[in-house]
Amino acid sequence: MIDKSSYWNGVYETKGEDEVSWFQKNPEPSLEFIRIYAPDRSATIIDIGGGASRLVDHLWADGFRNLTVLDVSSEAITIARHRIGKHGDSIKWIVSDVTTWQPNDIYDLWHDRAVFHFLTESDDQSAYIRNLKRALKIGGYLVIGTFALDGPQKCSGLPVMRHSSETLQNLLGSEFELIDSRTHDHKTPFHSTQSFQYCVFKRLN
């Protein structure tokens, strides 16, 4: 069992934010989905595994103000806070493992790009979904991106579990309704392509 915090801190201490395969200068299609399913700029949004991602910068520039970023790596959070500058003081930053985190707030939208696919054990998947249900309001939206069934089998040296909209629906259960789904080819900084599955689910009850 790896120490997730130490592992991911090591990644961000040794590589620049644009030297990792998951880097996106323009965070699509996440940004598009959030604009569609959280059109009210007062919406409460949490970015799970946001780390050094530039999604929070784009959301702030778009007028969203109730933003939370959670990541297991304090180093990744530090990079993002430094980059976004004074606006970062108005963003809530949480350093925690999403599977052991204790949510205190309720969100309109939960975004996750490339965290859930690292959960290869059923216990970790169940713990994630429990916290999702604790933190996402009924009627709220889950925007989730994982490696697709034809995507990579590993990322940053770690095994992943690839997903389709059907496998995600099966894990989430009847409390969530799939309302949008698409595949996305992510172009890495190394000029390779990774196949992602993006889904939007609405929490029903």
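Student: Where do I start? How many helices and strands are there in the protein chain?

Tutor: Start with the elements. The model is predicted, and its protein chain has six helices and nine strands.

Student: What radius of gyration would a compact globule with 205 residues have, and what does the protein chain have?

Tutor: A compact globule with 205 residues would come out near 17 Å, and the protein chain has 16 Å, so the two agree. The C-alpha trace spans about 40 × 35 × 30 Å along its principal axes.

Student: What share of the residues counts as buried?

Tutor: The term buried applies under 20% relative accessible area. Of the 205 residues, 50% count as buried. As for the surface, the protein chain exposes about 9500 Å², and 48% of that comes from carbon and sulfur atoms.

Student: How many positive and negative side chains does the protein chain have?

Tutor: There are 22 positive and 27 negative side chains, and the centres of the two sets are 3 Å apart.

Student: Among contacts with a separation of 6 or more, what share is between residues 24 or more positions apart?

Tutor: That share is 68%. We will look at single residues for examples.

Student: Before that, how is a pair of aromatic rings described?

Tutor: Two values are used: the distance of the centres and the angle of the planes. In this structure the count is eleven aromatic pairs. One of them joins Trp 8 and Phe 118, with 5.3 Å from centre to centre and 75° between the planes, an edge-to-face pair.

Student: Which parts of the chain does the pair of Trp 8 and Phe 118 tie together?

Tutor: Trp 8 is in helix 1 (residues 4-14), while Phe 118 is in the loop between strand 4 (107-113) and helix 5 (122-135); the pair therefore ties together parts 110 residues apart in sequence. Trp 8 itself is buried, at 12% relative accessible area.

Student: How does the pair of Trp 101 and Trp 110 read?

Tutor: The ring centres of Trp 101 and Trp 110 are 6.1 Å apart and the planes meet at 45°, so this pair is tilted. Trp 101 is buried at 7% relative accessibility, and Trp 110 is buried at 0%.

Student: Which residues form one aromatic cluster with Trp 8?

Tutor: Tyr 7, Tyr 12, Trp 22 and Phe 118 are in one cluster with Trp 8.

Student: Now the single residues. Is His 117 buried or exposed?

Tutor: His 117 is buried, with a relative accessible area of 0%. His 117 is placed in the loop between strand 4 and helix 5. Beyond its neighbours within four places in sequence, His 117 is in contact with Thr 146, Phe 147, Val 160, Met 161 and Phe 196.

Student: Where does Val 69 lie, and what does Val 69 touch?

Tutor: Val 69 lies in strand 2 (residues 66-71) and is buried at 2% relative accessibility. Leaving out residues up to four places away in sequence, Val 69 touches several residues, including Asp 47, Val 56, Ile 77 and Trp 93. The C-alpha atoms of Val 69 and Gly 49 are separated by 7.3 Å, although the two are 20 residues apart along the chain.

Student: What is the place of Ala 52?

Tutor: Ala 52 is in the loop between strand 1 (44-48) and helix 3 (55-61), and counts as buried at 7% relative accessibility. Not counting residues up to four places away in sequence, Ala 52 touches Tyr 12, Glu 17, Ala 76, Ile 79, Ala 80 and Arg 83. Tyr 12 also belongs to the aromatic cluster.

Notes: Residues are numbered from 1 along each chain as its sequence is written. This is a predicted model: local features need pLDDT of at least 70, side-chain atom pairs count only at pLDDT 80 or more; totals for chains, interfaces and linings use all residues. Side-chain values use heavy atoms; hydrogens and water are left out. Helices (H or I, at least four residues) and strands (E, at least two) are DSSP runs, numbered from the N terminus. The radius of gyration is taken over C-alpha atoms; the globule rule is 2.2 Å times the number of residues to the power 0.38. Buried means under 20% relative accessible area, exposed over 50%, partly exposed in between (1.4 Å probe, protein chains only). Contact means heavy atoms within 4.5 Å. Accessible areas come from the Shrake-Rupley method with a 1.4 Å probe; for residues, only the protein chains shown count as cover. Lys and Arg count as positive and Asp and Glu as negative; His and the chain ends are not counted. The place of a charge is taken as NZ of Lys, CZ of Arg, CG of Asp or CD of Glu. Rings of Phe, Tyr and Trp (its six-membered ring) pair if their centres lie within 6.5 Å; planes under 30 degrees apart count as stacked, over 60 as edge-to-face and the rest as tilted.
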